[in-house]
Amino acid sequence: MRRRQFLLTGLSVSALAAIAPLRVSAQTADFFDALTQEMQALINQPYQRNELTLPEPFSTLGYDGYRQVQADPTRAIWAGQALFTLNAFSLGWLYDEPVTISLLEGGERRELSFTSQDFLYHAPLDRAPFDAVNPFPGIAGLKINYPLNSPEIWDELLTFLGASYFRALGQGSSYGTSARGIAIDTAAGKPEEFPRFTRFYVVPPGQFDASITIYAQLEGPSVTGAYRFITRPGKDTTMDVTARIFVRRDISRLGIAPLTSMFLYGGPNRAAFDDYRERVHDSEGLKIIRASGEEVWRNLNNPAQLAASFYKEENPRAFGLMQRSRRFEDYADAEAHYEKRPSVLVEPSGQWGVGHICLIEIPTKREVNDNIVCFWMPEAPATAGSAVEFSYRLVWGDIAESSTRFARVITFSSGHSGTSGSDPTAGERKFVVDFEGPYLDRLLDLDSVSANTSIFNGEFVHTDLKKVAGEDIWRFVADVKSTASNPVELSVYLSVAGRRLTETWSYQWRPGDESPH
C-alpha cells in the first residue's frame, strides 16, 4: 500500500470542489491525476444516487428477457480499426442505474451516445417498443471484445456491469469469478455497501495495440475513487489496476482487490447434494503466496452458516481464487463446463504492509448464487477523510502453477471418523489430503517425511501419513474432534529434515458443514 496526499496542485479539498468540470489533458497520466482531484473533491459533498425510473419495456425485462438483448457487433466502436472493440450493455433486469462512457481523444473527452439501434432484440422480444422509447434511457455498462482465441472471432474479453463488478477472460476460459473495485462491510454484521463505477473513460487503442486502458470513477455513500485498468489479453490475461480511494465516512471493513466466486459442492461436502455431477464450483481454493515464499492452499467450503477466515499477512506476494481441476470428467457438466472457469490471482505492487487476507463463505443451496468472497483488509483503519492508493495486477486464466517449487494438494475429501464400516462419532470428522509433486516422488527414505500439523478449537484423534503404493502421492489422514463452539481451524504441510516440501493445506470446519443445508 502507498499512502499519499492527492492535492496534486496544492489546492485544499474545499478549493477543489469549486473547480470547473473536468477537462482532459493530452497526457492520460495527467488525466488520471485530474480525475483523482475531482473524486477527492466529492468526499465533502453528499452522495447522490442516480435515481432513474426505467420506462417499459426496459423495466419489465427479467433474467431471460435481458439475455435476449445484446449489443450489435456491427455497430461496435473501432470495428475494423483496431484489435479491440467497445460495446455497451442495455439497462434492464437488475441494472437500473445508467453509466456513461467517454473516449479520451486529442486532449478532450467525448461522451458516447447510444440508442436502441445499437442493440439486437432477439425473439421472443419485439424491438418496436424499445425503439419507441424517447429519450433512450442510457446504458448499464461496457464490454471490450478482442480476437482472443481465434484471429477471425472477436470474443468478449472484459466487461464492467453492475456496481463495481468486472470480469475478464484468458484464452479458452469462460466467465466465472468476478472482481470488484472495492468491498465495504462484507459480512461485517451490517448491510453491505456496493459503490458504483458511474463514469468510464477509455483511451482509443491504436490499430495494433496489445493493451487497452480504461479509467473509472467510483461513487458510494462511504467512498469515492479514481481507478485505472490496463488490460493485456493473452493465454493468461493481465490487468494492471491502480485504485485511489477517498473515504467519506468511517468504514468498519474495507476490502481491497475483492474477488467473488461460487462453491456449491465438491470433495468434502459431495454427499450433501444428490446430483449426477461430481462437483460444482467456479473456484475450489484460496491460494496465498506469502512474503517468505510459503504457499497456502485453503480448500473452499459451502458451510452450514456464514463463515469467515482471516490470514494475517505482511506484504503478500499474491492471493486469489483458483480452479485447479481442469478435466471435463472432474465435473461432467456439458453445459456449464466448470473446467473452463478462470483462476484469478491478485499480485500486489509495492509494499501493502500489514493486513489480512479475508475469505468469506456463505451458505447456499444453488449454484446461481455467488457465495465466496476474498479481499485484502488493511490493518490501518479506514476513517473519514483518509485516502489510500493500492496498485496490483490481476491475472485471469488457467494460471499454471510451478511444478518444481512445492508439491501440491491434488485431492481433498472427508467422511465420518473411524474405520470404514464403523458408526459415526458425533463431533468428529475424517479429512483426507493427497499431495503430489517434486521431491515427494524421489524420496528414498520414506520414514524421513514428517507431517507438520496445527489445529485450533479442536484436537487430532488420529493422524496417519503414508505414500500411496504404486503412486507418487502422499496421503495425510486425520480424524478431528471439535472441542469448541468456534470453527475448527486445521493445517498441514510435509517436510524432510525441516525442509518444506509441500504447500500448506488449510481448512475451516464446523460439525454439520458436510450435511445438506
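Here are some notes on this predicted model, point by point.

1. **Ground rules.** The model is predicted, so local features need pLDDT of at least 70 and side-chain atom pairs count only at pLDDT 80 or more, while totals for chains, interfaces and linings use all residues. Residues are numbered from 1 along each chain as its sequence is written, and side-chain values use heavy atoms, with hydrogens and water left out.

2. **The interface.** On the domain 1 side, 17 residues are in contact with 14 residues of domain 2 (contact means heavy atoms within 4.5 Å). Domain 1 and domain 2 bury about 1300 Å² between them, and 39% of that is on carbon and sulfur atoms. Buried area here is the accessible area (1.4 Å probe) that two parts lose on being put together, summed over both. The rule also finds three salt bridges across this interface; a salt bridge is a side-chain nitrogen of Lys or Arg within 4 Å of a carboxyl oxygen of Asp or Glu.

3. **Main core.** The largest nonpolar core has 82 residues, and Tyr-227 and Leu-394 touch the most other members. Strand S6 (residues 139-150) gives the most to this core, with six residues. A nonpolar core is a set of buried Ala, Val, Leu, Ile, Met, Phe, Trp, Tyr and Cys residues joined through side-chain atoms within 4.5 Å. Buried means under 20% relative accessible area, exposed over 50%, and partly exposed in between (1.4 Å probe, protein chains only). Strands (E, at least two residues) and helices (H or I, at least four) are DSSP runs, numbered from the N terminus.

4. **Leu-394 up close.** Setting aside neighbours within four places in sequence, Leu-394 is in contact with a list of residues that includes Phe-166, Ala-179, Met-239, Leu-259 and Val-344. Thr-237 and Thr-238 are among its contacts too.

5. **A second core.** There is also a separate core of 28 residues, and its members include Ile-289, Ile-399, Phe-435 and Leu-494.

6. **Cysteines.** A search of the whole structure turns up zero disulfides (a disulfide being a pair of cysteine sulfur atoms within 2.5 Å). For Cys-358, the nearest cysteine sulfur is that of Cys-374, 9.2 Å away. Cys-374 is likewise in no disulfide, and its nearest cysteine sulfur is that of Cys-358. Cys-358 counts as buried at 0% relative accessibility, and Cys-374 is buried with a relative accessible area of 0%.

7. **Cis peptides.** Two spots to look at in the backbone. Ala-123 and Pro-124 are joined by a cis peptide bond with omega of about 15°, and Pro-124 lies in the loop between strand S5 (119-121) and helix H4 (127-132). The bond from Asn-134 to Pro-135 is cis as well, with omega near 5°; Pro-135 is found in the loop between H4 and S6.

8. **Positive phi.** Ala-257 is not a glycine, yet its phi is positive, at about 55°. Ala-257 sits in strand S15 (residues 254-261) and is buried, with a relative accessible area of 3%. Ala-332 has a positive phi too, near 60°. The setting of Ala-332 is the loop between strand S21 (318-322) and strand S22 (343-348), where Ala-332 is partly exposed at a relative accessible area of 27%.

9. **Salt bridges.** The structure holds 38 of them. Arg-290 and Glu-313 pair at 2.8 Å, N to O. That pair links distant parts of the chain, 23 residues apart: Arg-290 is in the loop between strand S18 (285-289) and strand S19 (295-299), and Glu-313 is in strand S20 (residues 307-314). Glu-313 counts as buried at 5% relative accessibility. Arg-232 meets Asp-240 at 2.7 Å, with Arg-232 partly exposed at 33% relative accessible area. Lys-467 and Asp-472 form a salt bridge at 4.0 Å, and Arg-500 and Glu-294 form one at 3.7 Å.

10. **A network.** Lys-287, Glu-295, Arg-324, Glu-401, Arg-405, Arg-408 and Glu-503 are linked in a network of salt bridges.
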